[in-house]
Amino acid sequence: MSNDLTVRVPLRLPSATATFTVGIAGYLGVNLSPYMISALQQAIGADVLTASWIITATLLATAVTGLAIAPLCAGPRRLAVARGGLALSVLGFATAALVPAPAAIIGGLILGGIGAGGAVASGGAAIAAFTNPDRVAGFNGLANRAVVTVILAIIPLIGLAPIDVFGALAIFSVVALLVSGWLPAAPVIAPKSPVAVAEAVPVDVPPTAAVPALEAAAATSRALPSPRAVRIAGFTLLVTFALWAVSEDSLWAMAGVMGGAQASLTPEGLGLALSGATAGGLIGSVLLMIVGNRLGRAVPLAVLLVGGGILKIVEGFVTDQTTFIVVFIAWNTLYALAFMYFVSTSSALDADGRWSAPLLAVYLVGSSLTPVIGAALVEVFGFQGFAVVLGVASFVLAVPAAAVAAFSTRRERAEASAATELQEVLA
């Protein structure tokens, strides 16, 4: 065992570049899914529905792989998972881009989606390695939206042929693979037992220093929440986040249809709403980077979910295009901030990324199915009822989300205090 008892590491440019780039590579397929559908139609001559289901299968492959492989990313295999996943992404997406056979294109996309799952899990786990998870989540959100915005703007200028869209995914995976060596490893956790501390004490430390270290270890064990409590909080967070993601992305998926039906939203208006929503997310990321953990997590997350729920309900009753666009942008700004608080909460639960790794994969499970779920809810409840259902869901989910966020803050503070105490004893 290493003598370095630091639980988390500061955010530095190389490690931040690797973490954010690997994570973006895993999520890029989600952001490019509209372009991927168009490219797939062109490549194999499929209709919109068939192409949509193939891309949905690709995204589900990413989500399932990310969930399955997440435990490996909480330990020493993180870098191997990242590199293996990115290598598969390069192979799969390059095949889809360069080989004209339909079977090769579809198989390449699925293989690329599987590889992206490794990138999602390893990048998500690495976020937890840094100090101040809230500020890191803000940086991650800013990097993600900035890079994706540029890519979304450039690809249509080049073209939506398979070599352009699928090739872009392959090239970005290559870039992520090149910088993956800077990915932070799972940090050394401050020992919780006297035996572990005894193993960590250097052989040249005199007994008079080792005894206080053992006493500090006992205090550390008492101060930190039990592993069982952390597991309960972690699983509660994953379930809450999955349900919240479905409620949020259902509105995103139905925005164009709902806006057109009740607010006479034009295609240009929809484009303005979507681009404005991206800008709102960038603003939210910057705010979180500035605020960091000064406000805690529980209160901001509860306020964001309740506020987002109110805006979703309002959106269902708006009949003016301008108001619809303004409410949509405001809602998406709160959504982006809440997303980042969920990420920081999962990161604070465990420094090795045990919960932040599957969190991002869980989100993909819900988001890949939301067009179908959203359409079904609209058919049953109508647009206004659909908006009310989504709003009420946010209100209900605010309760467990805030509870886990408060728990994560207490655990992070106890962890930091214990690590500092042990460092001082062994210094």
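Which residues make a nonpolar surface patch of about 420 Å²?

View 1. The patch is made by Val150, Ile154, Leu157 and Ile158, where patches are made of residues with over 30% relative accessible area and no salt bridge, like charges being joined within 9 Å and nonpolar side chains (Val, Leu, Ile, Met, Phe, Trp, Tyr) within 5 Å. Accessible areas come from the Shrake-Rupley method with a 1.4 Å probe, and for residues only the protein chains shown count as cover. Ile154 belongs to helix α6, which covers residues 133-158, and its relative accessible area of 41% makes it partly exposed, a class that lies between buried (under 20%) and exposed (over 50%), again with a 1.4 Å probe and protein chains only. This is a predicted model, in which local features need pLDDT of at least 70 and side-chain atom pairs count only at pLDDT 80 or more, while totals for chains, interfaces and linings use all residues. Residues are numbered from 1 along each chain as its sequence is written, and side-chain values use heavy atoms, with hydrogens and water left out.

**View 2. The protein chain as a whole.** The secondary structure comes to 14 helices and 0 strands, helices (H or I, at least four residues) and strands (E, at least two) being DSSP runs numbered from the N terminus. Of the 427 residues in the protein chain, 53% are buried, and the chain exposes about 17,000 Å², of which carbon and sulfur atoms supply 72%. Among contacts (heavy atoms within 4.5 Å) between residues at least 6 apart in sequence, 86% join residues at least 24 apart.

**View 3. The nonpolar cores.** A nonpolar core is a set of buried Ala, Val, Leu, Ile, Met, Phe, Trp, Tyr and Cys residues joined through side-chain atoms within 4.5 Å. The largest one has 63 residues, and those with the most contacts inside it are Phe241, Trp244, Leu301, Leu305, Phe339 and Phe342. At least two residues of this core come from each of α1 (13-31), α5 (102-127), α6, α10 (227-263), α11 (267-291), α12 (298-315), α13 (321-349) and α14 (356-426), and α14 gives the most, with 16 residues. Leu305, leaving aside its neighbours within four places in sequence, is in contact with Trp244, Ala338, Phe342, Ser394, Leu397, Ala398 and Ala401. A second, separate core of 34 residues includes Val22, Ile37, Phe93 and Ile151.

View 4. Gly45, whose phi is positive, near 70°, follows α2.

View 5. A search of the whole structure finds 4 salt bridges, each being a side-chain nitrogen of Lys or Arg within 4 Å of a carboxyl oxygen of Asp or Glu. In one of them, the side chains of Asp134 and Arg297 meet at 3.0 Å, N to O. Asp134 lies in helix α6 and Arg297 in the loop between α11 and α12, so this pair ties together parts that are 163 residues apart in sequence. Both Asp134 and Arg297 are buried.

View 6. Asp350, Asp352 and Arg354 are linked in a network of salt bridges. The closest N and O atoms are 3.6 Å apart between Arg354 and Asp350, and 3.0 Å apart between Arg354 and Asp352. Arg354 is partly exposed at 42% relative accessibility, whereas Asp350 is buried at 13% and Asp352 is buried at 8%. Ala70, found in the loop between α3 and α4 (78-98), is buried with a relative accessible area of 2%. The C-alpha atoms of Ala70 and Arg354 are separated by 7.2 Å, although the two residues are 284 residues apart along the chain. Leaving aside its neighbours within four places in sequence, Ala70 is in contact with Ala121, Ala357 and Pro358.
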